[in-house]
Amino acid sequence: MIRARPVRVDRPADLEPAFLRMGLPTSAREYLLEKLPALHVLLTGLEREQGRFLAGLFSASEAPGREEYPGWVAGDLRVRPGTGLLSGRKEQFERVVAAAKERPELAELAAALARVLEASAPPAPLVLGSRTFTFGARTYVMGVVNVTPDSFSDGGRYFGTEAAVAHGLRLAEEGADVLDVGGESTRPGSPPVSVEEEVARIVPVLEGLRARTDVPLSVDTTKAAVAREALKAGAVLVNDISGFHFDPELPRVTAEAGAACCLMHIQGTPQTMQKDPHYEDVVDEVLAFLEEGVERAVAAGVPRGRVLVDPGIGFGKTLGHNLYLLRRLDELRVLGLPLLLGTSRKSFLGKLTGGKPANERLAATLGSVAAMAAAGNADFVRVHDVAEVKDALTVADALRTALDGGALYQPGKVGG
């Protein structure tokens, strides 16, 4: 399978201040922001014919300076056949896509590159309950409500129904945009919980929250039978750590309820995932897993626009895998779907900060979510400490969209 992954993409928001400072009129700025961004795209899974096509574009170009198409660097045919790097401006990539579409045998290549070009646009708005989430300007917060006696993060502090409902309401007051209710711990090595026990834990909490807040509710489960009861109790989102890989009935239950879903990557199960996790290419394998989950969702009747994805930080990954995934989140944007990330209080943060326990990882959590938000690489973050995270995100999101560089940077000072 051909996969095109954006190694680096110029963000239009980063070019806009320069165009304002140059005094360009609105029409010129809009044109350049559409055409000029540069891309470096890693291609894998190419067949020989596709590689020859890409190599031939540059040599056959008739434009001055041979700038009609992106530059092409092929991978080492002895050790990495079928790989290469395309580098150029967005309009050059558009020409490649158009040329590839003219040849049926290059349809897969054209589709893969088209997904990269579309990845720079924010995902489509998402409706959850009574709220509509639009992406690109701010990072939303999913607050964690664990109704378990053995959570790694709070050790059963909110295990009872009344305590869990009160905790969820407190998170809503602190600004949580979604509340995620779970009744089964997924910490490494955690034992499974029966359907009956999981339902007994979460349904009263969901009902209690639904009666007292309009914040959309999510159910954190891998089981169709649990999701069915949770959706009846008021949940509008199914958050599945298995990415629709554990229970084949879960996609259908989600679709029949008209619910949205968040599909996470995991290697193995909670019982096995941290036993020597291994990847040949962690980004590629996470993408493949998530693509398969999305296909299952769509096949069951869940509209693609109601699917979110989560790379599964800490779920079958080493410290190095986690950090690399966070560094390369742009590559997951080729899915064109909202991205949810969960780094809150996780063990990799403890390792980075000298072995601190979960209840001492707030500062590290804030560092992780702020870094992702400032880069525009997260649409939702799933966290335990909502108030503190909201403050960090407010600063990070403001930095990302800042345009006040002085009087010469103001749109109103430029002719339209």
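Close-up 1. Thr 221 is buried, with a relative accessible area of 2% (buried means under 20% relative accessible area, exposed over 50%, partly exposed in between, using a 1.4 Å probe and protein chains only). This is a predicted model, where local features need pLDDT of at least 70 and side-chain atom pairs count only at pLDDT 80 or more, while totals for chains, interfaces and linings use all residues. Residues are numbered from 1 along each chain as its sequence is written, and side-chain values use heavy atoms, with hydrogens and water left out. You'll find Thr 221 in the loop between β9 (217-220) and α8; helices (H or I, at least four residues) and strands (E, at least two) are DSSP runs, numbered from the N terminus. Setting aside neighbours within four places in sequence, Thr 221 is in contact with Glu 198, Val 226, Ala 227, Val 238, Asn 239, Asp 240 and Leu 250 (contact means heavy atoms within 4.5 Å).

**Close-up 2. Helices α7 and α8 side by side.** Two packed helices are described by the angle between their axes and the distance between the axes. Here the axes of α7 (residues 195-210) and α8 (residues 224-232) come within 9 Å and cross at roughly 20°. Axes are lines fitted to C-alpha atoms, for helices over the stretch in contact, and angles run from 0 to 180 degrees between N-to-C directions. α7 and α8 are therefore roughly parallel to each other (angles under 35 degrees count as roughly parallel, over 145 as roughly antiparallel, 65 to 115 as roughly perpendicular and the rest as oblique). On the α7 side, the contact is made by Val 195, Glu 198, Val 199, Ile 202, Val 203 and Leu 206, and on the α8 side by Ala 225, Val 226, Glu 229 and Ala 230. Sort these contact residues and you get 8 nonpolar, no polar and 2 charged (Ala, Val, Leu, Ile, Met, Phe, Trp, Tyr, Cys and Pro count as nonpolar, Asp, Glu, Lys and Arg as charged, and the others, Gly among them, as polar).

**Close-up 3. Where α6 meets α7.** The axes of α6 (residues 161-173) and α7 come within 9 Å and cross at roughly 40°. The two helices, α6 and α7, are therefore oblique to each other. From α6, Thr 161, Ala 164, Val 165, Gly 168 and Leu 169 meet Pro 204, Val 205, Gly 208 and Leu 209 of α7. The contact of α6 with α7 has 6 nonpolar residues, 3 polar and no charged.

Close-up 4. The axes of α2 (residues 26-35) and α4 come within 7 Å and cross at roughly 55°. That makes α2 oblique to α4. Tyr 31, Glu 34 and Lys 35 of α2 make the contact with Lys 90, Glu 91 and Glu 94 of α4. In this contact, 1 residue is nonpolar, none is polar and 5 are charged.

**Close-up 5. Glu 49 and Arg 103 join hands.** Side chains of opposite charge can pair when their charged atoms come close. Glu 49 forms a salt bridge with Arg 103, and their closest N and O atoms are 2.6 Å apart (a salt bridge is a side-chain nitrogen of Lys or Arg within 4 Å of a carboxyl oxygen of Asp or Glu). Glu 49 lies in helix α3 (residues 48-60) and Arg 103 in the loop between α4 (90-101) and α5 (107-118), so the pair ties together parts that are 54 residues apart in sequence. Glu 49 is partly exposed at 30% relative accessible area, and Arg 103 is partly exposed at 28%.

**Close-up 6. Glu 91 paired with Arg 89.** Glu 91 forms a salt bridge with Arg 89, with the closest N and O atoms 3.1 Å apart. Glu 91 counts as buried at 18% relative accessibility, whereas Arg 89 counts as partly exposed at 23%.

Close-up 7. Phi of Arg 345 is near 60°, a positive value in a residue other than glycine.

**Close-up 8. Asp 276, out in the open.** Asp 276 has a positive phi of about 55°, although it is not a glycine. Asp 276 sits in the loop between β11 (260-264) and α10 (282-300), and counts as exposed at 68% relative accessibility.
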